[in-house]
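This briefing is meant to be read beside the sequence and the coordinates. Please keep both open while going through the points.

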Amino acid sequence: MAKKVKVVTDLDSYSEDDFYKATTKINKSIALNIGSFGGLPSDSSVLGPLIALFDKTRTELVYEGKGPDTAKARTAVQVVITQDGNWLNDFCDGDASLIAKTGYPVQKDTVSQGKLDATILTLDTVKSAGCLEFMISFIDGYGIKYGIMFTLATNTEVDPSKWTFYYAAQRTGVISGLLSKTDYKFVSFAMGTVNDLTYSEPVTMSAQ
């Protein structure tokens, strides 16, 4: 039996440019076809300003805290995309002609990706005590998630899989709860359809 066509609700694997383009397309399509989607939780009057704020924040000149601000603005857009997308999947019930009007990307059949390439992890300090800002480089592919493993720099365990796991809901954000002025070592990785992970080069840094 053929699987029902569904929209993709999680755009976390998209680069900032691709995320902006994809959500802008969704917003325009929903605005154009809103008559077909009566009862949609949030229409373009809600999504549009959130996308505009995300784009304004990400294209600002570099300033302290820009990374977290951009991540926060992107999360606000993603929340609406997820909420509306879940509603649309129920409402459209696999109707390809209706789904085409949403502007959302469409789910593809899962394809084995094999072992993914190594990511690059960048860390920076922030004013908040015990916090570090992170950015993980983009890995091309569908349905890819990201994570960080970290431990005290004094830990002699060399296998990152035995360190503390942090799920990166987005490729940029802030890790909190660290000991201030204490060196930690971090690695990032991409998660696909296999469990064989490739870790980034370790980065050592301490939070304020």
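The model is predicted. Its chain holds 4 helices and 7 strands, and 40% of its 208 residues count as buried.

**Overall build**

- From the N terminus on, the order of elements is α-α-α-α-β-β-β-β-β-β-β.
- Along the principal axes, the C-alpha atoms fill a box of roughly 60 × 40 × 25 Å.
- Of the contacts between residues at least 6 apart in sequence, 69% join residues that are at least 24 apart.

**Helix 2 against helix 3**

- Helix 2 covers residues 44–58, and helix 3 covers residues 66–92.
- The axes of helix 2 and helix 3 come within 9 Å of each other and cross at roughly 160°.
- Because angles over 145 degrees count as roughly antiparallel, helix 2 is roughly antiparallel to helix 3.
- The crossing of these two helices is left-handed.
- On the side of helix 2, the contact is made by Val46, Leu47, Leu50, Ile51, Leu53, Phe54, Thr57 and Arg58.
- On the side of helix 3, the contributing residues are Lys66, Asp69, Thr70, Ala73, Arg74, Ala76, Val77, Val80 and Ile81.
- By residue class, the contact of helix 2 with helix 3 divides into 11 nonpolar, 2 polar and 4 charged residues.

- Asp55 and Arg58 form one of them, with N to O at 2.9 Å.
- Asp55 and Arg58 lie 3 residues apart in helix 2, so about one helical turn separates them.
- Both Asp55 and Arg58 are buried.
- Asp17 joins Asp55 and Arg58 in a network of salt bridges.
- Arg58 also belongs to the helix 2 side of the contact with helix 3.
- Lys56 and Glu60 form another salt bridge, their closest N and O atoms being 2.9 Å apart.
- Glu60 has a relative accessible area of 33%, so it counts as partly exposed.

**A salt bridge between distant parts of the chain**

- Lys115 and Asp196 form a salt bridge in which the closest N and O atoms are 3.6 Å apart.
- The two residues are 81 residues apart and link distant parts of the chain.
- Lys115 sits in the loop between helix 4 (96–100) and strand 1 (121–125).
- Asp196 sits in the loop between strand 6 (183–191) and strand 7 (203–206).
- Asp196 is partly exposed because its relative accessible area is 44%.
- Lys115 also counts as partly exposed, with a relative accessibility of 48%.

**Ser42 in a loop**

- Ser42 is found in the loop between helix 1 (16–32) and helix 2.
- Is Ser42 buried or exposed? Its relative accessible area is 10%, so Ser42 is buried.
- Leaving aside residues up to four places away in sequence, Ser42 touches Val80, Gln83 and Asp84.

Terms used:
Residues are numbered from 1 along each chain as its sequence is written. This is a predicted model: local features need pLDDT of at least 70, side-chain atom pairs count only at pLDDT 80 or more; totals for chains, interfaces and linings use all residues. Side-chain values use heavy atoms; hydrogens and water are left out. A salt bridge is a side-chain nitrogen of Lys or Arg within 4 Å of a carboxyl oxygen of Asp or Glu. Buried means under 20% relative accessible area, exposed over 50%, partly exposed in between (1.4 Å probe, protein chains only). Axes are lines fitted to C-alpha atoms, for helices over the stretch in contact, and angles run from 0 to 180 degrees between N-to-C directions. Angles under 35 degrees count as roughly parallel, over 145 as roughly antiparallel, 65 to 115 as roughly perpendicular and the rest as oblique. A crossing is left-handed if the near helix is turned anticlockwise from the far one by less than a right angle, and right-handed if clockwise. Contact means heavy atoms within 4.5 Å. Ala, Val, Leu, Ile, Met, Phe, Trp, Tyr, Cys and Pro count as nonpolar, Asp, Glu, Lys and Arg as charged, and the others, Gly among them, as polar.
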